[in-house]
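The notes follow the order in which I checked things.

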Amino acid sequence: VKVFEAVAGSVGLNLKAAKDAGLDADAVVVHKASHTAYFPGSEKVSLMLIFDKESKQILGAQAAGRVGVDKRIDVITTAMAGNLTIDDLAELDLAYAPPFNSPNGPVNMAAFTAQNHLSNFSPSILAKDLETFVLEKQPIAIDLRDPITFGKASLRGSNNLSQAMLRDNLDKIPQGHAILLISDDGQKGHVVLRMLKGAGFEEVYNLSGGYISMERHARAIGYE
């Protein structure tokens, strides 16, 4: 569907439908440039990939943006028709040149993120589950965005710390607490999660899709 300049599409089951069908389903979200960012005309493609946790079968996807949404849905549709898994999707060598895609475009990045989530290499929390997660875990929330952006809007109670500041002050972060990382789109959150895991912090989670996902959920659906 196209509404003015915005485009959205889907294939297969959404996460709720998959769970209602009795499947052990999960999902990840990425916001990735439609093509190499330095080439003019790049726009973020938001992509949610839904998969079965045991078999890694692709169950569906939803995408939105302004450029290249349809071709990402086409790739995932074809992968589903061929019974490919998220592991297969991660290894697809899709057409690349700076005006058309990134070396690892939105489809590859969604598959990588799903692999990292399933293996616990980089566990993530969906924006829709954020409220339940916060109430249950009472995490230390660390916002990795720049101070100006953080000052305009943020999750109440979160701490604004850059990656460099975190690295220099690891001894000041309380042990034994869950840590929730919030970055612009989730990518930097993954990098910092691995840094914290390497430093001995065990319970670290990345907000899937970062602040973009949280803000969109708050605007479209809302938190109690």
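I worked from a predicted model.

Strand E7. I looked up residues 140-143 and found both faces covered. Ile140 and Ile142 lie on one side, Ala141 and Asp143 on the other, and all four are buried.

Partners of E7. I found E7 parallel to strand E9 (residues 179-182), joined by four bridges. Asp143 is opposite Ile182 of E9. E7 also pairs with strand E8 (residues 159-160), again parallel, through two bridges. There Ile142 has Asn159 as its bridge partner. I noted that E7, helix H6 (residues 147-152) and E8 form a right-handed β-α-β unit.

Salt bridges. I got a count of eight and noted three of them here, including Asp24 with Lys53 at 3.4 Å, N to O. That pair spans 29 residues, from the loop between H1 and E3 to the loop between E4 and E5. Asp24 is partly exposed because its relative accessibility is 43%, and Lys53 is partly exposed at 36%.

Lys44 and Asp185 form another salt bridge, 3.2 Å from N to O. Lys44 is in strand E4 and Asp185 in the loop between E9 and helix H8, 141 residues apart. Is Asp185 buried or exposed? I found 16% relative accessibility; the cut-off for buried is under 20%, so Asp185 counts as buried. Lys44, at 41%, counts as partly exposed.

Glu215 and Arg219 make a salt bridge at 3.5 Å, four residues apart within helix H9. Glu215 is partly exposed at 32%, whereas Arg219 is exposed at 69%.

Key:
Residues are numbered from 1 along each chain as its sequence is written. This is a predicted model: local features need pLDDT of at least 70, side-chain atom pairs count only at pLDDT 80 or more; totals for chains, interfaces and linings use all residues. Side-chain values use heavy atoms; hydrogens and water are left out. Buried means under 20% relative accessible area, exposed over 50%, partly exposed in between (1.4 Å probe, protein chains only). Two strands pair if DSSP finds at least two bridges between them. A crossover is right-handed if, with the strands pointing away from the viewer, the path from the first strand over the helix to the second runs clockwise. A salt bridge is a side-chain nitrogen of Lys or Arg within 4 Å of a carboxyl oxygen of Asp or Glu.
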